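Here's a quick briefing to read alongside the model. Have the viewer open and follow along.

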Amino acid sequence: MAATARYILGIDPGLRSTGFGLIEQSGSKLAYVASGCIKTDDSGTLPERLLTIAEDVQSIITQHKPDDVVVEKVFVNVNPQSTLLLGQARGAAITAAVLAGVTVHEYTALQVKQAVVGHGKAAKEQVQEMVKRLLKLDATPQADAADALATAITHAHSRQGLGALAPELLAKRKIRQRGGRIV
């Protein structure tokens, strides 16, 4: 029996550039569908820039009809103002997905790098190269788009093997979760 194809839209939020990447998962096979960046006008107001992100994410969802949307979680960096702006861009993307009726999943940058490269301290170039290899692309995707594709790949991998069984096993109390980790 052939596996049903699922479409996963990854989003790497940013106020200047929000990366997006859509993959198709059919069983254990992953295929590239589309990717790119949503650019906002630096001279625009914050609400205008957030509206651009929300409208463009909504448009991508309407066009491609993904089964899942996956967004990278915000990390706290040295500049609190940058973290706040990143969180607002992330919120605009999540809101667009929720309004479109698509399930939203979240992964940290560490989880994404571990899933795609094999270690959490991977450089952007390493993520780009692994995305290129995993999706058999002819060219290396732009950094923000590669991060979004990597986020989608992470979700696809989490839906396979034990990762796919975890929610069911947690519900049946066959395994336990402590601090976000399965024990």
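Helices here are DSSP runs of H or I with at least four residues, strands are E runs of at least two, and both are numbered from the N terminus. With that in hand, K136 sits in the loop between helix 4 and helix 5. Keep in mind that this is a predicted model. The chain carries six helices and seven strands, and 38% of its 183 residues count as buried.

**Overall layout**
- Going along the sequence, the elements come in the order β-β-β-α-β-α-β-α-α-α-α-β-β.

**The second largest pocket**
- How much space lies in the second largest pocket? It's about 300 Å³.
- Its lining takes in 19 residues, and the ones nearest the centre are D12, E72, A109, K124 and D147.
- Sorted by class, the lining of this pocket has nine nonpolar, eight charged and two polar residues.
- Four helices give at least two lining residues each: helix 2 (80–99), helix 3 (109–116), helix 4 (124–134) and helix 5 (143–158).
- Which helix gives the largest share of the lining? That's helix 3, with three residues.

**Helix 4 against helix 5**
- A packed helix pair is described by two things, the angle between the axes and the distance between them.
- For helix 4 and helix 5, the axes come within 9 Å and cross at roughly 60°.
- Angles of 65 to 115 degrees would count as roughly perpendicular and those under 35 as roughly parallel, so helix 4 and helix 5 are oblique to each other.
- The crossing of this pair is left-handed.

**The loop between strand 1 and strand 2**
- Two residues to look up here are P13 and L15, both in the loop that links strand 1 (6–12) to strand 2 (17–26).
- Are they buried or exposed? P13 has 9% relative accessibility and L15 has 12%; the cut-off for buried is under 20%, so P13 counts as buried, and so does L15.
- P13 and E72 are 59 residues apart along the chain, with 7.1 Å between their C-alpha atoms. E72 is also among the residues nearest the centre of the second largest pocket.

**The loop between helix 3 and helix 4**
- A123 lies in this loop.
- With a relative accessible area of 32%, A123 falls between the 20% and 50% cut-offs, so A123 is partly exposed.
- Its C-alpha atom is 8.7 Å from that of K113, a residue 10 positions away along the chain.

**Positive phi outside glycine**
- K65 isn't a glycine, yet its phi is positive at about 50°. You'll find K65 in the loop between helix 1 (46–64) and strand 4 (68–72).
- The relative accessible area of K65 is 58%, so K65 is exposed, given that exposed means over 50%.
- K136, back in the loop between helix 4 and helix 5, also has a positive phi without being glycine, near 55°.
- What is the relative accessible area of K136? It is 71%, so K136 counts as exposed.

Terms used
Residues numbered from 1 in each chain as written. Predicted model: local features only at pLDDT ≥ 70, side-chain atom pairs only at ≥ 80, totals over all residues. Heavy atoms only, no water. 1 Å grid on protein atoms, 1.4 Å probe; cavity = no way out; pocket = protein on both sides within 12 Å on 5 of 7 lines; lining within 4 Å. Points joined across faces, edges and corners; volume = space filled by probe spheres on them. Nonpolar A, V, L, I, M, F, W, Y, C, P; charged D, E, K, R; others polar. Buried < 20%, exposed > 50% of the residue type's maximum accessible area, 1.4 Å probe, protein only. Axes fitted to C-alpha atoms, helices over the stretch in contact; angles between N-to-C directions. Parallel < 35°, antiparallel > 145°, perpendicular 65-115°, else oblique. Left-handed = near helix turned anticlockwise from the far one by under 90°.
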